[in-house]
Every structure is written in C-alpha cells, then in structure tokens.
Amino acid sequence: NYGLDLNGVIGIQGDFDLSPMIHAPVAIEGVYKNYSQSYSWPGIGTYKWSYTGLGVAGVFDFSQPLHLDSRIHPYAGIGLMHLSATYSGPNFAFATAADTGGIYLTGGVRYKITPQFAVVGNWNNFGGLTIGAALYF
C-alpha cells in the first residue's frame, strides 16, 4: 500500500483469516511500513532520515455483522508496532538509530473486484491515509 500522508509511506501487509477456526470475522494482520526522506544542504551534504515499523494487529471485518454486499469489507484493528528510526549524514561517522514501540491502529474498506483482487482505502497511525491493492490466495 502507499501512504498519501508524509510524502509517501510504502508498506506491505498480510492477513491470516481466523474466521473458519473461531467462527468470527477476525484476522491477524502482519505489517511492514517504511518512510524515508532525504535533505540536501548546499556545501554541506545530504542527510537521510528513515522510519520503519513492523507490527501485528487483530482485525475485525464488519461486513458480516452489518449484512453488507459481499464485495464491501469495512474493517478495524488494533495491535502493536515496533518502530525504528535512523538518521545519517555527512557529519555522522555512522547512522544514528532509535527504537521504540507502541499501539498500532488501522481501519478502512476493502472492495473486492474479483474473488482474488480488491482495492483498499485505509487509515492507520503510521502512514495516515493509504491506498492499495489486496491479493487473495
């Protein structure tokens, strides 16, 4: 998926559907997201800042309880995300880094065009508004 905020967060996620096992529209979602930006200062050099998130969330699909068309799948989820930031530039002998973690929130709508393909509109607290595609195997 591609974040429309922050000049473009790039991400990939995968869902594991638990509904056949627990008889509820719930999935586990694994998430990887990255944002980086470079700044050039004339006569000084280029600095690069990168922020990476790796997380997992429980996601609830509201389409069944709301009795929606089988192509429309609104969802919401909450989980945890490990965050890593790095900063490098000409005044640093090596990149500096910081790690932290926190709550990951996500929600959006998947619209299935075919049984194997959907378009996705999403909001999450790492990349803001995102658009993307989902492939089903």
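Q: By class, what does the lining of the largest pocket have?
A: That lining has 15 nonpolar, 11 polar and 5 charged residues. Here Ala, Val, Leu, Ile, Met, Phe, Trp, Tyr, Cys and Pro count as nonpolar, Asp, Glu, Lys and Arg as charged, and the others, Gly among them, as polar. The model is predicted, with local features needing pLDDT of at least 70 and side-chain atom pairs pLDDT 80 or more, while totals for chains, interfaces and linings use all residues. Residues are numbered from 1 along each chain as its sequence is written, and side-chain values use heavy atoms, leaving out hydrogens and water.

Q: What volume does the largest pocket have?
A: Its volume is about 810 Å³, meaning the space filled by probe spheres set on grid points joined across faces, edges and corners. A pocket is an open set of points on a 1 Å grid over the protein atoms alone, where a 1.4 Å probe fits, with protein on both sides within 12 Å along at least five of seven lines; lining residues have an atom within 4 Å of a point.

Q: Which residues are closest to its centre?
A: Of the 31 lining residues, these are Asp15, Arg110, Ala134, Leu135 and Tyr136.

Q: Is Arg110 buried or exposed?
A: Arg110 counts as buried because its relative accessibility is 11%; buried means under 20% relative accessible area, with a 1.4 Å probe and protein chains only.

Q: What joins the side chains of Arg110 and Asp15?
A: A polar contact of 2.7 Å joins them. Such a contact is a pair of N or O atoms within 3.5 Å; within protein, one must be able to donate a hydrogen and the other to accept it, and residues adjacent in sequence count only if both atoms are side-chain atoms.

Q: How far apart are the C-alpha atoms of Thr86 and Asp99?
A: They are separated by 8.9 Å, and the two residues are 13 residues apart along the chain.

Note on methods:
Buried means under 20% relative accessible area, exposed over 50%, partly exposed in between (1.4 Å probe, protein chains only).
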